[in-house]
Structures are given as C-alpha cells and as structure tokens.
Amino acid sequence: LVCDDDKEIVEAIDIYLTQEGYTVRKAYDGEEALKILKEEEIDLLIIDVMMPVMDGLEASLAIRLSKRTDAKNIPIIAMTAQASKECMQQCSDAGMNGHLTKPVASQKLIETIIEFT
C-alpha cells in the first residue's frame with residue numbers, strides 16, 4: 001500500500017513497482033490507508049509522514065494499536081522530505097520500521113521493500 005497526498009508521487013511509485021512485479025494499492029491520506037487495511041491483506045505500507053486529514057505518524061500509531069492480528073508485524077515505511085534525526089525518531093516512536101527520503105530513489109525503494117518483506 002502506497003499512501004501520499006501527492007497523487008503524482010503515488011502514481012510514479014505505482015508505475016515503478018508494478019513494472020517490478022508488485023501489486024500496489026493506493027491511498028491519499030492516513031484515514032484512507034486505514035480503511036484499506038481493514039478490508040484487505042497488505043504486506044507493506046509506504047506512507048507519507050505529513051498529510052492532511054490523518055498524517056502518517058497518526059496512521060502508523062493507529063495500525064500498531066489496532067486489533068488486527070498482524071498489527072505489530074506489518075512493515076510500515078515512512079516517506080518524507082525530512083531526513084533529520086528528530087523526524088526519524090518520531091517515525092520510529094510511531095511504530096514505523098524504516099524511512100525513505102523524498103525524492104525516493106528507485107533502487108532505495110526496492111532495497112527497502114526487500115529489507116522489510
């Protein structure tokens with residue numbers, strides 16, 4: 001599942017990952033991502049940290065605190081323009097497993113997915 005309020009980013013990642021053989025679900029805010037997670041089996045979530053409606057930090061915490069049997073195990077990867085130690089710590093504190101810095105390099109994207117799946 002790829003979640004970002006910037007539709008161009010979501011589409012670009014979708015195109016690239018689809019070409020690499022992945023099946024991609026798309027969401028454009030944290031609430032939409034949570035809805036998809038309630039309805040479907042998701043192997044990994046790549047989510048923007050800063051979004052309107054519900055940001056990635058809130059969504060990650062909601063997932064980790066949910067009653068899903070796999071709530072603690074779903075890999076959640078932060079995607080943000082912030083590369084500071086403070087931002088990385090906030091992501092970790094919210095239950096995220098990894099961190100991608102925008103603009104996301106295609107090779108780093110694949111390496112991160114492989115690392116957490």
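This is a predicted model: local features need pLDDT of at least 70, side-chain atom pairs count only at pLDDT 80 or more; totals for chains, interfaces and linings use all residues.
Reader: Which residues of helix 2 meet helix 3, and which do they meet there?

Author: On the helix 2 side you have Gly 30, Leu 34 and Leu 37, and on the helix 3 side Ala 59, Ala 62 and Ile 63. Sorted by class, this contact comes out as 5 nonpolar, 1 polar and no charged residues.

Reader: Okay, and what makes helix 2 and helix 3 roughly parallel?

Author: Their packing angle is about 25°, and the axes of helix 2 (residues 30-39) and helix 3 are 9 Å apart. Angles under 35 degrees count as roughly parallel, so helix 2 gets that label relative to helix 3. As for handedness, helix 2 passes helix 3 in a right-handed crossing.

Reader: Why are helix 1 and helix 5 called roughly perpendicular?

Author: Helix 1 (residues 7-19) packs against helix 5 (residues 106-116) at about 65°, with 11 Å between the axes. The perpendicular class covers 65 to 115 degrees, and the pair is therefore roughly perpendicular. The crossing of helix 1 and helix 5 is right-handed.

Reader: Which residues make that contact between helix 1 and helix 5?

Author: Helix 1 brings Ile 13, Tyr 16 and Leu 17, while helix 5 brings Ser 106, Leu 109, Ile 110 and Ile 113. By class, the contact splits into 6 nonpolar, 1 polar and no charged.

Reader: How many aromatic pairs are there?

Author: The count is 0 aromatic pairs. A pair needs ring centres within 6.5 Å.

Reader: What makes you say Lys 7 lies over the face of Tyr 28?

Author: Lys 7 is 4.8 Å from the ring centre of Tyr 28. The distance cut-off is 6 Å, so that value passes, and Lys 7 does lie over the face of the ring.

Reader: How do you know that the peptide bond between Lys 102 and Pro 103 is cis, and where is Pro 103?

Author: Omega gives it away, at about -5° for the bond joining Lys 102 and Pro 103. Pro 103 is in the loop between strand 5 (98-101) and helix 5.

Reader: And what is the phi of Val 53?

Author: Phi of Val 53 is near 70°, a positive value in a residue other than glycine. You'll find Val 53 in the loop between strand 3 (45-48) and helix 3 (56-65).

How values were computed:
Residues are numbered from 1 along each chain as its sequence is written. Side-chain values use heavy atoms; hydrogens and water are left out. Axes are lines fitted to C-alpha atoms, for helices over the stretch in contact, and angles run from 0 to 180 degrees between N-to-C directions. Helices (H or I, at least four residues) and strands (E, at least two) are DSSP runs, numbered from the N terminus. Angles under 35 degrees count as roughly parallel, over 145 as roughly antiparallel, 65 to 115 as roughly perpendicular and the rest as oblique. A crossing is left-handed if the near helix is turned anticlockwise from the far one by less than a right angle, and right-handed if clockwise. Contact means heavy atoms within 4.5 Å. Ala, Val, Leu, Ile, Met, Phe, Trp, Tyr, Cys and Pro count as nonpolar, Asp, Glu, Lys and Arg as charged, and the others, Gly among them, as polar. Rings of Phe, Tyr and Trp (its six-membered ring) pair if their centres lie within 6.5 Å; planes under 30 degrees apart count as stacked, over 60 as edge-to-face and the rest as tilted. A charge sits over a ring if NZ of Lys or CZ of Arg is within 6 Å of the ring centre and within 35 degrees of the ring normal.
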